[in-house]
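Please read this report with the model open beside it.

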Amino acid sequence: MSSGVSTMARLDADRWTGSMTRELTLVTGGTGTTGRRVVERLAARGAQVRVASRHSACMLDWEEPSTWAPALAGATRLYLTYAPDLAVPGAADTLAAFTESAAAAGVRRVVLLSGRGEPGAQAAERAVRAVADSAGVELTVLRCSWFVQNFTEGQFAPSLQAGELALPVGDVVEPFLDADDVADAAVAALLEEGHAGRTYELTGPRALGFAEAVRECAAAMGRAVTFQQVPPAAFRAALAADGVPDDVLDLLAHLFTEVLDGRNSRTTDGVQQVLGRPPTDLATAVRRSAASGCWA
Ligand SMILES: NC(=O)c1ccc[n+]([C@@H]2O[C@H](COP(=O)([O-])OP(=O)(O)OC[C@H]3O[C@@H](n4cnc5c(N)ncnc54)[C@H](OP(=O)(O)O)[C@@H]3O)[C@@H](O)[C@H]2O)c1
């Protein structure tokens with residue numbers, strides 16, 4: 001494909017919203033849980049935004065560095081979310097290299113989505129920060145607890161719909177975080193001043209166990225859903241039988257057996273710090289999602 005055609009395709013992919021601002025925000029993972037919400041909010045505020053992912057009109061693949069420069073062309077701000085997870089091997093190197101490309105392309109402000117209490121995620125934060133600092137790029141890190149949306153639209157949603165969720169997790173509590181709060185925080189950090197250099201730990205307002213979270217979901221659905229704790233090996237075998245690839249199985253094993261050990265149970269005032277309002281409770285978020293048909 002000639003570079004002229006690539007540029008046309010990229011411009012077609014940009015969402016112009018009537019604003020003639022010179023700022024263009026590239027949203028990586030722009031079709032995912034947080035990216036999609038960030039795109040909606042930026043567009044609603046009249047910002048110019050470009051969605052990038054493997055299946056977007058603007059194609060970006062972390063495994064294909066040749067896709068990076070075309071996606072970054074003209075961008076001045078960046079919402080950076082890495083899939084499948086910052087904890088996977090190689091994520092820190094990939095994100096450091098991408099941040100270098102972003103700085104070279106003219107990006108001046110980056111908001112990085114990260115995970116709480118994950119050594120791999122914190123290594124990726126350090127790698128991105130080192131590049132950003134040396135290139136004079138503003139960086140804000142959103143270090144997040146587990147999303148409520150894992151239950152309503154992510155990997156647990158089909159099981160909830162089927163009436164039974166089985167996970168290798170017991171009594172540990174987690175302050176589940178509403179992805180709408182993440183997106184609000186990301187947009188504030190992208191568009192407003194005063195967030196450069198900050199790392200915000202974002203959590204929901206109360207920590208609750210997975211069984212209790214499932215009870216809240218069931219109440220929102222208006223029907224019974226059971227929660228069962230299963231041994232890690234049985235969980236892995238069941239997912240493997242469903243065709244889930246080994247690298248995803250390794251990632252889930254890491255998250256459930258290492259990260260979910262209680263280290264992230266504490267709530268924080270991160271949402272209040274960024275947005276000047278309290279975070280949304282899981283019960284409120286799941287009722288809102290149920291009303292919009294997430295388990296229909
Ligand atoms: N879920 C949680 O509870 C939680 C909590 C804290 C932090 N996080 C972090 O959130 C990040 C994921 O963000 P998210 O939940 O907003 O997204 P998501 O719902 O997991 O969706 C992934 C997004 O990334 C894109 N993508 C997947 N593979 C890609 C690749 N190889 N190259 C380029 N794009 C790719 C997907 O689109 P395509 O398929 O079109 O490529 C999609 O837009 C992870 O880094 C995770 O550590 C998650």
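Helices H4 and H5 cross in a right-handed sense, and this description, like everything that follows, concerns a predicted model. The contact draws on Ala-92, Leu-95, Ala-96, Thr-99, Glu-100 and Ala-103 from H4, which meet Ala-123, Ala-124, Ala-127, Val-128, Val-131, Ala-132 and Ala-135 from H5. Sorted by class, the residues of this contact are eleven nonpolar, one polar and one charged.

Two packed helices are described by the angle between their axes and the distance between the axes.

| Helix pair | Axis angle | Axis distance |
|---|---|---|
| H4 and H5 | about 20° | 8 Å |
| H2 and H8 | roughly 55° | within 9 Å |
| H10 and H11 | roughly 155° | within 11 Å |

The angle for H10 and H11 makes H10 roughly antiparallel to H11, and H10 passes H11 in a right-handed crossing. On the H10 side the contact involves Pro-232, Phe-235, Arg-236, Leu-239 and Ala-240, while H11 contributes Asp-246, Leu-249, Asp-250, Leu-252, Ala-253, Phe-256 and Thr-257. Eight of the residues in this contact are nonpolar, one is polar and three are charged.

H2 and H8, by their angle, are oblique to each other, and H2 passes H8 in a right-handed crossing. Here Thr-33, Thr-34, Arg-37, Val-38, Arg-41 and Leu-42 of H2 are in contact with Ala-179, Asp-180, Val-182, Ala-183, Asp-184, Ala-186, Val-187, Leu-190 and Leu-191 of H8. The contact of H2 with H8 holds nine nonpolar, two polar and four charged residues.

Although Val-182 and Thr-34 are 148 residues apart in sequence, their C-alpha atoms are 6.9 Å apart in space. Beyond its neighbours within four places in sequence, Val-182 touches Thr-34, Tyr-79, Leu-113, Leu-142, Cys-144, Phe-147, Leu-177 and Leu-202.

Returning to H4, its 15 residues should span 21 Å at 1.5 Å a residue, and this agrees with its end C-alpha atoms, which are 21 Å apart. Buried residues in H4 are Ala-91, Ala-92, Thr-94, Leu-95, Ala-96, Phe-98, Thr-99, Ala-102 and Ala-103. What covers these buried residues includes strand S2, helix H3, strand S5, strand S6 and helix H5.

Most residues other than glycine have a negative phi, and most peptide bonds are trans. After H4 comes Gly-106, with a positive phi near 110°.

Methods
Residues numbered from 1 in each chain as written. Predicted model: local features only at pLDDT ≥ 70, side-chain atom pairs only at ≥ 80, totals over all residues. Heavy atoms only, no water. Axes fitted to C-alpha atoms, helices over the stretch in contact; angles between N-to-C directions. Helix = DSSP H or I, 4+ residues; strand = E, 2+ residues; numbered from the N terminus. Parallel < 35°, antiparallel > 145°, perpendicular 65-115°, else oblique. Left-handed = near helix turned anticlockwise from the far one by under 90°. Contact = heavy atoms within 4.5 Å. Nonpolar A, V, L, I, M, F, W, Y, C, P; charged D, E, K, R; others polar. Expected span 1.5 Å × (residues − 1). Buried < 20%, exposed > 50% of the residue type's maximum accessible area, 1.4 Å probe, protein only.
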